[in-house]
Amino acid sequence: MYFRMKNAVVVRKNSQYSIKNATVKEALIVFFRNPTAILLALAFAGMQFVGVGFLTWMPTFLHETFDFSLARSGFDSTFYHHVAAFIGVIGGARIADSWVKRYNKVRAIIQAVGLLLGAPFIYTMAKADSILTVYVAMAFFGLFRGMYDSNIFATLYDVIEVRYRSAATGFMLMFAFIVGSISPYLLGVLKPVLGLSDGLASLSIVYLFAAICILFVICFTFRRDYVK
């Protein structure tokens, strides 16, 4: 068995599938007429807003709150979170792959669960007085973020036809990273007003917004937009 791409034609042993090139305009129309795709993009943008803000300001938070060196702050603010996120990605992917043939909404459900369970740990991480509590909260935040991450594009592809998937991926990434880029600046503006602790804690609200977007998908739009 082998696959070969040439002139947008997929050639597979014993069978052949033709894929016509889609224009950017056509792909945009398809994407923006798909409520599920739009809601998934909003959820991903919310997750990126939280993630970029966390990665930018968490080292400063540890440095100022616990008087860590900058080197230790940089390491501790990412290590525990990303190790746990790795576990979450593997676990979320395995669960989704095991259940998706029996229940086609499982990928979106795993994403919603990851966001809902991650939100309280974002708040706890930012408001804790104990460094051990901060580490534990960062790890669980990472674990549940990994669960969400494991199905970002698989869920999108559940509702986007094959020929539009690369364009849809590009649109969603572009939108999410533009939104995410605002987060460090906004937290910097809020820091002298609310304090960094409250600023980071407020990111949990954005996570809840992202979760609500995916819950709306599960309850109202997925069935209609699902690509069989």
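Mentor: Start with I122, which has a relative accessibility of 1% and counts as buried.

Trainee: Why is I122 called buried?

Mentor: Buried means a relative accessible area under 20%, exposed means over 50%, and partly exposed is what lies in between (1.4 Å probe, protein chains only). The value for I122 is 1%, so I122 is buried. This is a predicted model, in which local features need pLDDT of at least 70 and side-chain atom pairs count only at pLDDT 80 or more, while totals for chains, interfaces and linings use all residues. Residues are numbered from 1 along each chain as its sequence is written, and side-chain values use heavy atoms, with hydrogens and water left out.

Trainee: Where is the place of I122, and which residues is I122 in contact with?

Mentor: I122 belongs to helix 4 (residues 106-127). A helix here is a DSSP run of H or I with at least four residues, a strand is a run of E with at least two, and both are numbered from the N terminus. Contact means heavy atoms within 4.5 Å. Apart from neighbours within four places in sequence, I122 contacts V50, F141, L200, L203, S204 and Y207.

Trainee: What makes Y148 buried?

Mentor: Y148 has a relative accessible area of 2%, so the word is buried. Y148 sits in helix 5 (residues 131-149). With neighbours within four places in sequence left aside, the contacts of Y148 are A43, F44, M47, Q111, L115 and I214.

Trainee: Is H82 buried, partly exposed or exposed, and how do you know?

Mentor: The relative accessible area of H82 is 33%, so H82 is partly exposed. H82 is in helix 3, and H82 touches L55 and R145 when residues up to four places away in sequence are not counted.

Trainee: What makes V193 count as exposed?

Mentor: V193 has 66% relative accessibility, and therefore V193 counts as exposed. V193 is part of helix 7.

Trainee: Where is D67, and is D67 buried or exposed?

Mentor: D67 lies in the loop between helix 2 (35-66) and helix 3 (70-99). Its relative accessible area is 67%, so D67 is exposed. D67 also has a positive phi of about 60 degrees, although D67 is not a glycine.

Trainee: How many disulfides are there, and how do you know?

Mentor: A disulfide is a pair of cysteine sulfur atoms within 2.5 Å. By this rule the count is zero. For C213, the nearest cysteine sulfur belongs to C219 and is 13 Å away, and C213 is in no disulfide. C219 is likewise in no disulfide, with the sulfur of C213 as its nearest, at 13 Å.

Trainee: Are C213 and C219 buried or exposed?

Mentor: C213 has 6% relative accessibility, so C213 counts as buried. C219 has a relative accessible area of 56%, so C219 is exposed.

Trainee: At what angle do the axes of helix 1 and helix 7 cross?

Mentor: Axes are lines fitted to C-alpha atoms, for helices over the stretch in contact, and angles run from 0 to 180 degrees between N-to-C directions. The axes of helix 1 (residues 24-32) and helix 7 (residues 165-194) cross at roughly 70 degrees and come within 10 Å. Angles under 35 degrees count as roughly parallel, over 145 as roughly antiparallel, 65 to 115 as roughly perpendicular, and the rest as oblique. Therefore helix 1 is roughly perpendicular to helix 7.

Trainee: Which residues meet there, and how do they divide?

Mentor: V24, A27, L28 and F31 of helix 1 meet A167, A168 and F171 of helix 7. Nonpolar covers Ala, Val, Leu, Ile, Met, Phe, Trp, Tyr, Cys and Pro, charged covers Asp, Glu, Lys and Arg, and the others, Gly among them, are polar. The contact of helix 1 with helix 7 has seven nonpolar residues, no polar and no charged.

Trainee: Where does pLDDT stay under 50?

Mentor: pLDDT is the predictor's confidence in each residue, from 0 to 100. The protein has a mean of 92, and 92% of its residues reach 70 or more. Over residues 1-18 pLDDT stays under 50. Where pLDDT is low, the predicted coordinates should not be read in detail.
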